[in-house]
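Subject: Handing over a structure

Dear colleague,

I am passing this structure on to you, and I would be grateful if you could look through it alongside the notes that follow.

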Amino acid sequence: MHVCHRCDHPACVRPSHLFLGSHADNMRDAAGKGRKKGKGGPGGAANGRARLTAPAVLRLRAQPYRHRTDTSWAEDLGVSVSAVHLARTGRTWACLPMPGEPGWEDAVAVLDRGT
């Protein structure tokens, strides 16, 4: 069991601000408050550290690797190679579908319409 903080101040010891919970409970609490990174946390453009846009990520994912390298994409988009690779492989921007997943065709159709 963990002692979790409703007020999100680790040094707080007020009993009314504390609750007992598992690690999973603590992670759900963090995600519900928008503090959790990764799955369950703010994703895509909602993440303040995002440098790519949803249309750019969909374009990255739509292009087979044999057409362009992550390095050339990174240079064109003005981001790091790792940002391109992580978005392209779904490690970031998990809120967007990958090719072949449900919703992929709809996402590409929106992209093709330019909206």
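Strand 1 (residues 2-5) and strand 2 pair in the antiparallel sense over four bridges, where two strands are said to pair if DSSP finds at least two bridges between them, and where helices (H or I, at least four residues) and strands (E, at least two) are DSSP runs, numbered from the N terminus. Please bear in mind that this is a predicted model, in which local features need pLDDT of at least 70 and side-chain atom pairs count only at pLDDT 80 or more, while totals for chains, interfaces and linings use all residues. Residues are numbered from 1 along each chain as its sequence is written, and side-chain values use heavy atoms, with hydrogens and water left out.

Within this pairing, His 5 stands opposite Leu 18 of strand 2. Strand 2 (residues 18-21) has a covered face made of Phe 19 and Gly 21, whereas Leu 18 and Leu 20 form its uncovered face.

Asp 29 belongs to helix 1 (residues 23-32), and it counts as buried because its relative accessibility is 17%; buried means under 20% relative accessible area, exposed over 50%, and partly exposed in between (1.4 Å probe, protein chains only).

Arg 88, in helix 4 (residues 81-89), is likewise buried, at 4% relative accessibility. Its side chain reaches the backbone oxygen of Gln 63 at 3.0 Å, and a polar atom of that side chain lies 3.5 Å from the backbone oxygen of Arg 68. Not counting residues up to four places away in sequence, the residues that Arg 88 touches include Tyr 65, Asp 70, Trp 73 and Met 98. Arg 68 in turn has its charged end over the ring of Trp 73, 4.1 Å from the ring centre, the rule being that NZ of Lys or CZ of Arg is within 6 Å of the ring centre and within 35 degrees of the ring normal.

Cys 7 is partly exposed at 21% relative accessibility, whereas Cys 12 is buried at 16%.

With kind regards

Notes
A polar contact is a pair of N or O atoms within 3.5 Å; within protein, one must be able to donate a hydrogen and the other to accept it, and residues adjacent in sequence count only if both atoms are side-chain atoms. Contact means heavy atoms within 4.5 Å.
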